[in-house]
Amino acid sequence: MIKKTVKVEIPTGLEARSVAVAVQIASKYESDIYFEVETKKVNAKSIMGMMTLGINKGEDVTVCVSGADEEAAMSEMENYLKG
């Protein structure tokens, strides 16, 4: 399992369009991917769950990835969030 805190640098933060892209990225991987913000933990493959986070640009999110392709999944997700 890999766990990293990433500062969101996407200009719009995680709003509808950027959440949809993040879900598409997460769904490409076999690994389980979760986003944690404060006390919330949501499946990154769930568009409804991701929309509940309301993450703005400059905020931190902890990305947790576990599975066979976890390194590739973490790398792509981290690159996306960093804009």
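In what order do the four strands of the open sheet lie, and is their pairing parallel or antiparallel? In this predicted model, the order is β1-β4-β2-β3 and the pairing is antiparallel. Strands (E, at least two residues) and helices (H or I, at least four) are DSSP runs, numbered from the N terminus, and two strands pair if DSSP finds at least two bridges between them. Residues are numbered from 1 along each chain as its sequence is written. Because the model is predicted, local features need pLDDT of at least 70 and side-chain atom pairs count only at pLDDT 80 or more, while totals for chains, interfaces and linings use all residues; side-chain values use heavy atoms, without hydrogens and water.

The edges of the sheet are formed by β1 (2-7) and β3 (40-43), each of which pairs on one side only. From one strand to the next, the twist averages 25 degrees; axes are lines fitted to C-alpha atoms, for helices over the stretch in contact, and angles run from 0 to 180 degrees between N-to-C directions. Strand β2 is joined to β4 (residues 60-66) by five bridges and to β3 by four. E36 has T62 as its bridge partner in β4 and K41 as its partner in β3. Two residues lie between the strands in the hairpin of β2 and β3, where E38 takes a positive phi near 50 degrees.

Helix α1 (residues 16-27) reaches 16 Å from its first C-alpha to its last, close to the expected 16 Å, a span defined as 1.5 Å times one less than the number of residues. Its buried residues (under 20% relative accessible area, with exposed over 50% and partly exposed in between; 1.4 Å probe, protein chains only) are S18, V19, A22, V23, I25 and A26. They cover an arc of only 160 degrees around the axis, which puts them on the same side of α1; the arc is that of the directions from the helix axis to the C-beta atoms. The face turned away from this buried side carries the exposed residues R17 and Q24. The buried residues of α1 pack against β2 (32-37), α2 (47-51) and α3 (70-81), contact meaning heavy atoms within 4.5 Å.
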